[in-house]
Amino acid sequence: MEGLVLKDFLGKAFAVGQRIVYPGRASSSLWMNAAVIEAVDEDKKALVVKPYLGGWRVSTSGAAKSVKLTALERVVVVEG
């Protein structure tokens, strides 16, 4: 779709380099993941993000891998 602008839960447009948070869940454990946007795929309505290891929650499973987010109604831009 031409002219489609992807927005977060609060209506702010996504852009490369912004810091975002989104919910994570495993069984009954809930947490907020922090990430930095690497790419905005408007055709597939998705974000490609890299987990943000400089702050809130740090992965202990090795190097941070890029993640593709498609549930954009759960994402909030916190910086940028």
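Colleague: What do strand 2 and strand 3 form, and how many residues lie between them?
Modeller: In this predicted model, strand 2 and strand 3 form a hairpin with four residues between them. Lysine 45, in the turn, has a positive phi of about 50°.

Colleague: What makes strand 2 and strand 3 a pair?
Modeller: Pairing takes at least two bridges found by DSSP. Strand 2 (residues 29-41) and strand 3 (residues 46-51) are joined by six bridges, so they count as a pair. The two strands run antiparallel.

Colleague: Which residues stand opposite each other there?
Modeller: Aspartate 41 faces alanine 46 of strand 3. Further along, valine 36 has lysine 50 of strand 3 as its bridge partner.

Colleague: How do you know that strand 1 and strand 2 pair?
Modeller: Eight bridges join strand 1 (residues 19-26) to strand 2. The cut-off is at least two, so strand 1 and strand 2 pair. Their direction is antiparallel, and proline 23 stands opposite methionine 32 in strand 2.

Colleague: What is the phi of serine 27 in the hairpin of strand 1 and strand 2?
Modeller: Serine 27 takes a positive phi near 60°. That hairpin has two residues between the strands.

Colleague: What order do the strands of the open sheet have?
Modeller: The order of the five strands is 4-3-2-1-5, and the pairing is antiparallel.

Colleague: Why are strand 4 and strand 5 called edge strands?
Modeller: Strand 4 (67-69) and strand 5 (76-79) each pair on one side only. From one strand to the next, the twist averages 50°.

How values were computed. Residues are numbered from 1 along each chain as its sequence is written. This is a predicted model: local features need pLDDT of at least 70, side-chain atom pairs count only at pLDDT 80 or more; totals for chains, interfaces and linings use all residues. Side-chain values use heavy atoms; hydrogens and water are left out. Axes are lines fitted to C-alpha atoms, for helices over the stretch in contact, and angles run from 0 to 180 degrees between N-to-C directions.
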